[in-house]
Amino acid sequence: MRHARTGPAARKPETSARPPLVRELLLVAGLFPLYKLGRQAATGRTGEALRNADRVWDWERALQLPGEGSVQGVLLDSGTLVHLANTYYATVHFPATVLFLGWLYWRRPGHYVWARRVLSVLTGAALALHLLMPLAPPRLLAASGLVDTGLVYGPTVYGESPGTDALANQFAAMPSLHVGWALMVAVGLIAATRSRWRWLWLLHPLLTLFVVIGTANHYWLDAFVAVALLTGALAVLGAPRPGSRPGSRSRGSLVARSGAAQVPPVSAVAPVTSGAGR
């Protein structure tokens, strides 16, 4: 007599929530040129970008924020340190975010979908703000008195002249996607893991903030606006609880599958969070 299979073998694996890899690769491949085009659309507005930079500089002084020069002074005390900061700025931003999404895709697919959506909303809002408010970074603002550390000490990702830079829009300082993405990487890893050391991931956005300010690529307000946009995206899309895993089963559903109950309780079928796995 053959019995129906029940128990762990009959469960859907967590990978069932993983979206098709080809679709995700095509999505990223389509979003990246759109991202570059959006940044490039704000080029050529030098006068407006410099006027906005003067305003931001004055706003920061009115708010009595610490001068960006105090952070840059720490870097300029050591040629090695300033070179490391420039290297971090040039090489960590994209790879760290890609590795973060790749790890979530394979290990926490429900969290991956949530994180990808949050990053998409954040980046879209940032691109809109780049177009609405072109902003020259402090390294291009004479009134700041700051050094373009990338140009002087290397390496740099920007051309010598913003007007002829075909690779990047140097007038897209507001908000800082370096800070916004780094903070989302930390938030996502804290949400997707259970280690008591997971809060150390916050060192990544803190180090990124130190680097973007010290290299004179961003103002304090650029970082604050990025944090505000990310907070808004998380509020709209929701956030998994730290340590929760998509696809995990509640105790009530386990009891139901074992035969102790025929109908699972509402809590067993309700989603754990409002945003994960959608």
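Predicted model: local features only at pLDDT ≥ 70, side-chain atom pairs only at ≥ 80, totals over all residues.
**R116**

I started with R116 and found it in helix 6, which covers residues 109-132. Buried or exposed, I wondered of R116? R116 comes out at 15% relative accessibility, so I put it down as buried, the cut-off being under 20%. Next I looked for a polar partner: the R116 side chain makes a polar contact with the side chain of E24, at 3.1 Å. I then listed what R116 touches, skipping residues up to four places away in sequence, and got R23, E24, L27 and L101. E24 therefore turns up both in that contact list and as the polar partner, going by heavy atoms within 4.5 Å for the former.

**Aromatic rings**

I counted ring pairs next and got four aromatic pairs. In one of them, Y105 with W106, the ring centres are 5.2 Å apart and the planes stand at 90°, so I logged the pair as edge-to-face. I checked burial here too: Y105 is buried at 6% relative accessibility, whereas W106 is exposed at 52%. Y105 also pairs with Y112, with centres 5.2 Å apart and planes at 90°, so this pair is edge-to-face as well. Y112 has 5% relative accessibility, so it goes down as buried. My sketch for this spot has Y105, W106 and Y112 joined into a cluster by ring pairs.

**Charge over a ring**

Which residue lies over the face of W57? I found R61 there, at 4.2 Å from the ring centre.

Technical notes
Residues numbered from 1 in each chain as written. Heavy atoms only, no water. Helix = DSSP H or I, 4+ residues; strand = E, 2+ residues; numbered from the N terminus. Buried < 20%, exposed > 50% of the residue type's maximum accessible area, 1.4 Å probe, protein only. Polar contact = N/O pair within 3.5 Å; in protein donor to acceptor, adjacent residues only side chain to side chain. Phe/Tyr/Trp six-rings, centres within 6.5 Å; stacked < 30°, edge-to-face > 60°. Lys NZ or Arg CZ within 6 Å of the ring centre and 35° of its normal.
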